[in-house]
Every structure is written in structure tokens, then in C-alpha cells.
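Here are a few notes from a colleague to read alongside the structure. Please keep the viewer open as you go through the points.

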Amino acid sequence: MFRIFISSFFFCISIFTWAQSSLVNVNSIPPNKNATNVFVQALYSDSANVSSFLIQIKKEVKKHKHLSHAEHVLVVEGEGKMTLGDSTFSIKKGDLIFIPRNTFHSVITTSGEALKVLSIQAPFFDGTDRVFSE
């Protein structure tokens, strides 16, 4: 029991370190095996101007838009089909997608592994400006 506590403690410390350090290797962040679809790991923020997240998508992200911020998405692993506005296209490792504010977007994972993306959002993202399509 003590070993489980210690392991959990150091795992939590390492997550805190990812969010606070000036350097993070996104490949060193383990996948969340318990997530049923989307797992979001906060990386950095300055509480006003910008925030970044590592997002792992097993199935899909439903169509939505952000009223007050723009987003850059860099595909780190996996493949998918992204819809951005009226366009649908394939995405893969190395692709960088810019999502303007107030633009509907969604993604479906098409690879056998989870789609892993780095999301950088400006201004700071707290989830309150997300609007899902009906």
C-alpha cells in the first residue's frame, strides 16, 4: 500500500513539474489508460494571455467553437480527420493546424492509437467560451 502511495505521489509531482517547468518533452507524458475518449493534460499558462495542453483523443472531439480565442494544434502522434469550418481534411504527425476564433471544428481519430496533439490557445483558455454545435 505504501509503495502505491509513493508511486502516486511521485506521479503527481511529475505532472506538477510538467505544468511548471520551462521545458517539457510531450513524448515523456504517458497516455492515460483510464480515459474513455479525451484526456487533457495542462502544460503551461500565464492566466491571462496563453495556455497550452497535451490532448489525447481516443475517438473524437465533437464539433465546437471558441468565442474569444484562437488555437494552434500540432499533431504529435496518430492520425485523424479534422473538420475546420466547411473543410474536412486528414491530419497526421507533424501537421500544424490554426483554428481562428469563432470557427467550428471537430476531429475523429482514424489511427489505431490515440491522436495526441499539442494545443496552444490565446488568450488563456478556461473552457467558458466553448460552444458546441447542436
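1. A word on terms before we start: a residue counts as buried under 20% relative accessible area, as exposed over 50%, and as partly exposed in between. Glu77 has a relative accessibility of 28%, so Glu77 is partly exposed. Please also bear in mind that this is a predicted model.

2. Now the overall picture. Of its 134 residues, 32% are buried. The protein exposes about 8,400 Å², with carbon and sulfur atoms supplying 59% of that area. Taking contacts between residues at least 6 apart in sequence, 65% join residues at least 24 apart.

3. Do have a look at the open sheet of five strands. Its order is β6-β5-β8-β3-β10, and the pairing is antiparallel. Strands β6 (87-92) and β10 (130-132) stand at the edges with a single partner strand each, so one side of each has no neighbour in the sheet. From one strand to the next, the twist averages 30°.

4. Strand β3, residues 60-66, pairs with β10 in the antiparallel sense over three bridges. His66 has Arg130 in β10 as its bridge partner.

5. Next, strands β4 and β7. Strand β4 (residues 70-77) is antiparallel to β7, and four bridges pair them. Opposite His72 you will find Phe98 of β7. In a regular strand, side chains alternate between the two faces of the sheet. Strand β7 (residues 96-99) has Ile97 and Ile99 on a covered face, while Leu96 and Phe98 are on an uncovered one.

6. How many salt bridges does a search of the whole structure find? The search finds three. Side chains of opposite charge can pair when their charged atoms come close. One of the bridges joins Glu77 and Lys116, whose closest N and O atoms are 3.8 Å apart. This pair links distant parts of the chain, with Glu77 in strand β4 and Lys116 in strand β9, 39 residues apart. Glu77, as noted, is partly exposed, whereas Lys116 is buried at 6% relative accessibility.

7. Two further salt bridges deserve a glance. The side chains of Lys62 and Glu60 meet at 3.1 Å, N to O, and Glu60 is partly exposed at 28% relative accessibility. Asp95 and Lys92 form a salt bridge at 3.6 Å, N to O. Both residues of this pair are partly exposed, Asp95 at 21% relative accessibility and Lys92 at 46%.

8. Finally, a residue I would ask you to click on: Gln121. Is Gln121 buried or exposed? With a relative accessible area of 3%, Gln121 is buried. Gln121 sits in strand β9, residues 115-122. Leaving aside residues up to four places away in sequence, Gln121 touches Asn49, Val50, Ser51, Phe53, His69, Ala70 and Glu71. With Glu71, there is a side-chain polar contact of 3.3 Å. Gln121 and Ser45 are 76 residues apart along the chain, and their C-alpha atoms are separated by 9.4 Å.

Notes:
Residues numbered from 1 in each chain as written. Predicted model: local features only at pLDDT ≥ 70, side-chain atom pairs only at ≥ 80, totals over all residues. Heavy atoms only, no water. Helix = DSSP H or I, 4+ residues; strand = E, 2+ residues; numbered from the N terminus. Buried < 20%, exposed > 50% of the residue type's maximum accessible area, 1.4 Å probe, protein only. Contact = heavy atoms within 4.5 Å. Polar contact = N/O pair within 3.5 Å; in protein donor to acceptor, adjacent residues only side chain to side chain. Areas by Shrake-Rupley, 256 points an atom, 1.4 Å probe, with all protein chains shown as cover. Pairing = 2+ DSSP bridges. Axes fitted to C-alpha atoms, helices over the stretch in contact; angles between N-to-C directions. Salt bridge = Lys/Arg side-chain N within 4 Å of Asp/Glu carboxyl O.
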